[in-house]
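Have the sequence and the structure open side by side while you read.

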Amino acid sequence: MNTSINSLYRKYRPATFDDVVAQTHIVKTLQNQIKSGKVNHAYLFVGTRGTGKTTIAKIFAREINGGGGEHDIFEIDAASNNSVDNVRELIEKIKFPPVTGKYKVYIIDEVHMFSGSAFNALLKTLEEPPSHVIFILCTTEAHKLPQTILSRVLRFDFMPFPTADITARLTHIFTKESIKAEPTAIEMIAKMGRGSMRDSLSIAEAVSAYTKNIKTRDVEDVLGTVGDETLGTLASAILKKDIDGITKTLETIFSRSVNAVALVSQFLAVLRDMFIKTKDVNVMRVYKSFAEIELLVKTAADPSGMFSGTAYLSAV
C-alpha cells in the first residue's frame, strides 16, 4: 500500500464532534452553545501543536452553520498574513454577509504572529463585531497576545492527548489500514508523539512506510532512538553515579544509529515522567542539567560526542 506523507492524518482527521478524541470539556461546551443558540463572537483556542485546535475550530464552524456552510469558513495563517494591511483587508471582507450559512467564521491560526498594529486593528473589530461574524483564534503561545485581545475572547485550553488515547486511535487506524503492529510498538509511537495526535500519526506514517509489520525495533530504527526503558536505566545509573552502569547503557544506545537531538528530547520526557512519579528533587536536578544540554546538542558539530564522557554524566 503506497501512502503519501501525512495521508493518515488527513484521512483520519475528525469530521464531527463524535469523532474527536479527548478534549471532552471543550467539545461539550461548544455543543451546548450550539444547542442553546448562544455562541460567542470570538474564541481563543490555546494548546501545543497537534492537540486538535484547528480541527475542532473547523468542526465548530460547520456545526454552527447547520453542518455545512463551507463557503463561509475562512482559515488564515497569521505566520504569513500578519501585517496591519492583512487585517484591514480582512475587516473589509467581513462586512459582507455569509453566502449560505448563518455565520462567516474566520479561523486565524498561530494568531500570536500578528504584529502589534495588526492586533490593534483586530481589536477594533472584536469590540464591535458584525452579528454574522465569529472569530476563532488559535495559538500555541497565548502569552504573546495583548491583554486587550485576551479580555475579549472566550478561551479554551487544549490539553496534550493522553498516551492511552493516542494508542487506541493508532490501533484503530492500523486495523483499518491492514497494518500489523506489536502493541508495544504502537504504544512507543504514541509516547514519541508527546501528546500530539498529529505528530503521532506522522511517526506512524513514517514507520508504516518502512514496514507493514511493525515491531518496537522498527520504530526505534526509523526514529533513530531507543526505548524509554533503556533511557530509564540510564537515568537510574546517572542518579546513582554508577559509572559502570552509565558506560554499559551508553554502549547499548550508541551501538545503534541514534539521533542525539531526538535522544535528549526523549530523555527529558522520561525524566519528567520519573519526577512526576517520585517527586525526587535529584531527578529534577538531572532534568535541569539535561535541559541545558539540549540547547548545546542542537548546535553542536558532534552531538553524540557530548555523551562519550561517562565521568561528565556521572557528575550531573
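Buried here means under 20% relative accessible area, exposed means over 50%, and partly exposed is whatever falls in between. Keep in mind that this is a predicted model.

**Helix α12**

Let's start with α12, which covers residues 243–254. Do the bookkeeping at 1.5 Å a residue and its twelve residues should span 16 Å; the end C-alpha atoms sit 16 Å apart, so the expectation and the model agree.

Which residues of α12 are buried? They are G245, I246, T249, L250 and I253. Looking down the helix axis, these buried residues fall within an arc of 125 degrees, so they line one face of α12. Turn to the other side of the helix and you find D244, K248 and E251, which are exposed.

The N-terminal end of α12 has a cap, too: D242 places a side-chain oxygen 3.3 Å from the backbone nitrogen of D244.

**Salt bridges**

Now for the charges. Side chains of opposite charge can pair when their charged atoms come close.

|---|---|---|---|
| K11 and E177 | 2.7 Å | K11, 56% | E177, 6% |
| E89 and K93 | 3.5 Å | E89, 43% | K93, 43% |
| D157 and R155 | 2.9 Å | D157, 31% | R155, 41% |

Take K11 and E177, whose side chains meet at 2.7 Å. K11 lies in helix α1 (residues 7–11), while E177 lies in the loop between α7 (163–176) and β6 (180–181), so the pair ties together parts that are 166 residues apart in sequence.

E89 and K93 are another story: both belong to helix α4 (residues 84–94), four residues apart, which is about one turn of the helix. At a relative accessible area of 43%, E89 is partly exposed, and K93 is also partly exposed, at 43%.

Finally, D157 and R155 meet in a salt bridge at 2.9 Å. D157 is partly exposed at 31%, and R155 is partly exposed at 41%.

Methods: Residues are numbered from 1 along each chain as its sequence is written. This is a predicted model: local features need pLDDT of at least 70, side-chain atom pairs count only at pLDDT 80 or more; totals for chains, interfaces and linings use all residues. Side-chain values use heavy atoms; hydrogens and water are left out. Helices (H or I, at least four residues) and strands (E, at least two) are DSSP runs, numbered from the N terminus. The expected span of a helix is 1.5 Å times one less than its number of residues. Buried means under 20% relative accessible area, exposed over 50%, partly exposed in between (1.4 Å probe, protein chains only). The arc is that of the directions from the helix axis to the C-beta atoms. A polar contact is a pair of N or O atoms within 3.5 Å; within protein, one must be able to donate a hydrogen and the other to accept it, and residues adjacent in sequence count only if both atoms are side-chain atoms. A salt bridge is a side-chain nitrogen of Lys or Arg within 4 Å of a carboxyl oxygen of Asp or Glu.
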